[in-house]
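Please walk through this structure step by step, from its backbone elements to its packing.

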Amino acid sequence: KESDFFSEKLLDRNNVKEHRIIGQLFDTYWLIEFRDNLFIIDQHAAHEKVYYERFVKLFQSQNIQSQYVSPPLIVSLSLEEENLLKANEKYFRDFGFEIEPFGGREYSISAVPSSLLGMTEEELFLEMLDHLTADGSKDAFELFTARLATMACKAAVKGNHSMSPQEADKLIDELLTLENPYNCPHGRPTIIAMSKTEIEKKFKRIV
């Protein structure tokens, strides 16, 4: 099984630096040589996975850093959105948001969680708000972490985006330290593997 091979060899911390990036395919996939195997890593799926795990870990350890927004962002909410915000204020605070009433149904956002790069503050706030319930019937923590998959996807480097070999190396290193590096938060594979034996069979070097 592919994952057994990974867990025994590639994921061994002593072995991580033995992998060698040998190139990039279609500006999207990184080709990694490791002993007698070729690994193909989807940079977008890998980036999503790393972002997602990093953020979930911070949230679970209550260690989220806030990033101050200057000038503060003013958002106008519908009555329904305002009720959602009031019902879930604690979760927004725990999540690194600082939100104050600004008169009427307008609110001033002066800080946002700093770990999700690549999303606008308003998009981030509304993404969280629109998936909560006003009566607290769903666990907001679960909902917040569930939304992270989508947010990590938006924040991640896309395929066909040029990434330097140094950046790729760093990303792959972090990916390989995760508990389950094989799938992105949406369940797509991040890594596929092909052994030297399989390749030699295709070239009919061996039968």
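**From strand E4 to the cores**

Pro71 lies in strand E4. The model is a predicted one, and in it a cis peptide bond joins Ser70 to Pro71, with omega at about -5 degrees. Most peptide bonds are trans.

Strand E4 belongs to an open sheet of three strands, arranged in the order E4-E6-E5 with antiparallel pairing. Strand E4 (66–76) and strand E5 (98–101) stand at the edges with a single partner strand each, so one side of each has no neighbour in the sheet. On average, neighbouring strands of this sheet are turned by 15 degrees against each other, direction ignored.

The pairing can be followed strand by strand. E4 and E6 are joined in the antiparallel sense over seven bridges, and Gln67 stands opposite Val112 in E6. E5 pairs with strand E6 (residues 106–113), also in the antiparallel sense, over four bridges. Glu100 has Ser108 in E6 as its bridge partner, while Pro101 has Tyr107 in E6. Four residues separate E5 from E6 in the hairpin that they form, and Gly103 in the turn has a positive phi of about 100 degrees. E6 is mostly covered, with seven of its eight residues buried.

Next comes the packing. In soluble globular proteins, nonpolar side chains tend to be buried together. Here the largest nonpolar core has 20 residues, and those with the most contacts inside it are Leu85, Phe92, Phe97, Ile99, Ile109 and Phe125. The elements that give two or more residues to this core are helix H2 (43–60), E4, H3, E6 and helix H5 (121–129). H5 gives the most, with four residues. Leaving aside residues up to four places away in sequence, Phe125 touches Val75, Leu77, Leu85, Phe92, Phe97, Ile99 and Ile109.

Apart from this core lies another, of 15 residues, among them Phe34, Ala168, Leu176 and Ile191. Leu176 is found in helix H7 (residues 165–176). With a relative accessible area of 4%, Leu176 counts as buried because the cut-off is under 20%. Leu176 and Val50 are 126 residues apart in sequence, yet their C-alpha atoms are 9.5 Å apart in space.

Which residues of helix H3 are buried? In H3 (residues 79–87), these are Glu81, Glu82, Leu84 and Leu85. Seen down the axis of H3, the buried residues fall within an arc of 160 degrees, so they line one face of the helix.

Phe34 and Phe39 form a tilted pair, 6.4 Å centre to centre, with 55 degrees between the planes. Both of its members are covered: Phe34 is buried with a relative accessible area of 0%, and Phe39 is buried with one of 1%. Phe92 and Phe97 form the other pair, which is edge-to-face, 5.2 Å centre to centre and with 70 degrees between the planes. This pair counts as edge-to-face because its plane angle of 70 degrees is over 60. Phe92 is buried at a relative accessible area of 1%, and Phe97 is buried at 2%.

Two further backbone details remain. Most residues other than glycine have a negative phi. Arg35, however, has a positive phi near 50 degrees. Arg35 sits in the loop between strand E2 (29–34) and strand E3 (37–42), and is partly exposed, with a relative accessible area of 43%. Lys204 also has a positive phi, near 55 degrees. Lys204 is found in the segment after helix H8 (196–202) and counts as exposed, at 71% relative accessibility.

For the protein chain as a whole, there are eight helices and seven strands. Buried residues make up 42% of its 207 residues. Among contacts between residues at least 6 apart in sequence, 69% join residues at least 24 apart.

Note on methods. Residues numbered from 1 in each chain as written. Predicted model: local features only at pLDDT ≥ 70, side-chain atom pairs only at ≥ 80, totals over all residues. Heavy atoms only, no water. Phe/Tyr/Trp six-rings, centres within 6.5 Å; stacked < 30°, edge-to-face > 60°. Buried < 20%, exposed > 50% of the residue type's maximum accessible area, 1.4 Å probe, protein only. Arc of directions from axis to C-beta. Pairing = 2+ DSSP bridges. Axes fitted to C-alpha atoms, helices over the stretch in contact; angles between N-to-C directions. Core = buried A, V, L, I, M, F, W, Y, C linked by side-chain atoms within 4.5 Å. Contact = heavy atoms within 4.5 Å.
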